Amino acid sequence: MKKIAAILHNKDVLNRILFTFAIFLIFRIGSAITIPGVTVSDGSFQSSDILSLMNLLGGGALQQFSLFALGVSPYITSQIIVQLLQTDVLPSLTELTKEGEAGRHKIEMTTRYLTILLGAVQAYGIIVTMQNTQGLTVNDTSFWGYCQVIIIMIAGTMLLMWLGDQITEKGIGNGISMIIFAGIVSALPNQIISAFEEYLGQKILTDDASLILEGTVQLTIYILAFIAIIVFVTFIETSIRKLPVSHSASSQSKTSLAAKSSFLPLKINSASVIPVIFASSLMMAPSIIVSFIGGANPPNWAKQLVNVFNFQTMVQMPGPNGTTWPMPWGLIIYLLLIVGFTFFYANLQINPERMAQNFQESGTYITGLRPGLETQKYISKVLNRITFIGAMALMFIAGLPVVLSLTGAVPQSMSLGGTGMIIVVGVALEVMRQIDGLLAGKNYETKGA
């Protein structure tokens with residue numbers, strides 16, 4: 001209650017929150033407006049797993065084939081490509097990272113131009129895929145008819161990116177993450193309604209006390225599991241490893257030096273929600289590529305490729321004597337991508353070499369270690385150890401709902417689970433930290449005055 005009161009009395013923070021909600025309203029309105037020139041079949045999309053993850057991240061915008069049907073997926077994919085190229089793959093991009101603010105601006109513009117290109121490819125792939133599943137009909141099947149739909153989809157993505165920039169600048173949180181957050185949260189009420197209908201809907205009508213009790217217990221367990229996932233994600237996101245740090249100064253006495261000792265906090269999951277978003281985006285790529293190759297009737301190998309990358313499908317592998325055995329290749333690839341991106345992004349966010357160099361230049365050192373190479377190796381070792389824990393936690397959270405769905409323990413339509421919760425909780429915690437920072441800054445200014 002104290003924090004709410006502080007927010008209400010802080011005009012800057014309150015305006016930022018209201019501005020963010022205004023952007024959310026625009027996002028939800030745009031997600032409900034179907035693109036002109038197409039007809040969407042509401043029921044058919046439910047049976048298709050190929051684009052379900054993109055639909056989840058967009059809060060149902062793809063199912064409606066709305067102005068924001070593409071969401072921010074092309075931008076995320078562009079970020080993945082550009083960040084990978086920055087790691088000494090493309091020297092020109094690597095040099096831009098060393099040019100400060102001007103370099104970052106050029107990299108961002110490169111990412112946006114690539115977003116337009118990838119958006120066009122992805123938009124056409126989605127159109128063909130949804131046509132193949134009989135979920136979409138383009139009224140004008142001429143070249144220009146398709147171009148019109150694709151241009152509108154790309155324009156929707158660019159508008160979302162602009163709205164995200166406005167949130168980052170004038171609102172609360174990282175704009176792109178907040179857009180994804182809004183899309184997932186908007187699907188939560190339908191998730192709860194689906195659970196209620198699944199476990200209690202028909203049983204209430206029977207007036208059978210035992211069936212109603214059974215359904216109530218099932219619904220309660222489902223909700224408690226949901227809460228348990230949120231608690232676990234919150235625990236992982238707030239866990240840190242403290243490294244003892246001291247600040248040397250030639251004019252300081254030993255007593256004064258001891259007083260200046262502090263800690264360097266390293267998050268267990270320093271990559272936050274980024275690995276899940278990156279992995280989710282890459283898992284969509286094969287189905288879009290196949291839509292270009294095969295059109296309405298892709299070859300069998302292309303269908304198998306799509307199934308391999310679909311983490312909601314068990315691929316039947318050939319066994320001895322003509323037998324087959326199921327293998328969840330999609331889930332395995334998805335989890336391995338999460339682990340890979342967790343290590344990649346953690347080392348990108350906390351660069352041990354750069355951190356050791358900054359320590360040496362500022363006269364800061366980790367207690368008991370020499371500045372330079374020894375400090376770099378120690379930070380790298382600790383970072384890899386705690387990142388391993390964070391990666392395993394992300395694997396568990398993202399994989400558990402899929403496993404429950406594949407085994408039939410929970411219906412697939414109700415398994416929002418880990419992927420969504422990681423993003424929602426991670427973004428919510430980041431927003432709370434930013435609000436605390438803004439409130440603390442305001443209090444400091446007030447005391448200083």
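Aspartate 12 has a relative accessibility of 43% and therefore counts as partly exposed (buried means under 20% relative accessible area, exposed over 50%, partly exposed in between, with a 1.4 Å probe and protein chains only). The model is a predicted one, in which local features need pLDDT of at least 70 and side-chain atom pairs count only at pLDDT 80 or more, while totals for chains, interfaces and linings use all residues. Residues are numbered from 1 along each chain as its sequence is written, and side-chain values use heavy atoms, with hydrogens and water left out.

Aspartate 12 and arginine 16 meet through their side chains in a salt bridge of 3.7 Å, N to O (a side-chain nitrogen of Lys or Arg within 4 Å of a carboxyl oxygen of Asp or Glu). The two are four residues apart in helix α2 (residues 11–31), so about one helical turn separates them; helices (H or I, at least four residues) and strands (E, at least two) are DSSP runs, numbered from the N terminus. Arginine 16, at 18% relative accessibility, counts as buried.

The count of salt bridges comes to six. Helix α6 (residues 100–132) holds glutamate 101 and arginine 104, three residues apart and thus separated by about one helical turn; their side chains meet at 2.8 Å, N to O, in a salt bridge. Glutamate 101 is exposed, with a relative accessible area of 57%. Also in helix α6, glutamate 108 and arginine 112 lie four residues apart and form a salt bridge of 3.0 Å, N to O. Here glutamate 108 is partly exposed at 25%, whereas arginine 112 is buried at 15%. A network of salt bridges links Glu108, Arg112 and Asp165.

Turning to the strands, an open sheet is formed by three of them in the order β4-β3-β7, with antiparallel pairing (two strands pair if DSSP finds at least two bridges between them). Because β4 (262–267) and β7 (364–366) stand at the edges with a single partner strand each, one side of each is left without a neighbour in the sheet. Strand β3 (residues 240–247) pairs with β4 over six bridges in the antiparallel sense, and isoleucine 240 stands opposite lysine 267 in β4.

As for the remaining helices, threonine 387 has its place in helix α15 (residues 373–406) and, at 1% relative accessibility, counts as buried. Leaving aside residues up to four places away in sequence, threonine 387 touches Ile268, Thr342, Phe343 and Ala346 (contact means heavy atoms within 4.5 Å). Isoleucine 223 lies in helix α9 (residues 209–238) and is partly exposed at 36% relative accessibility.
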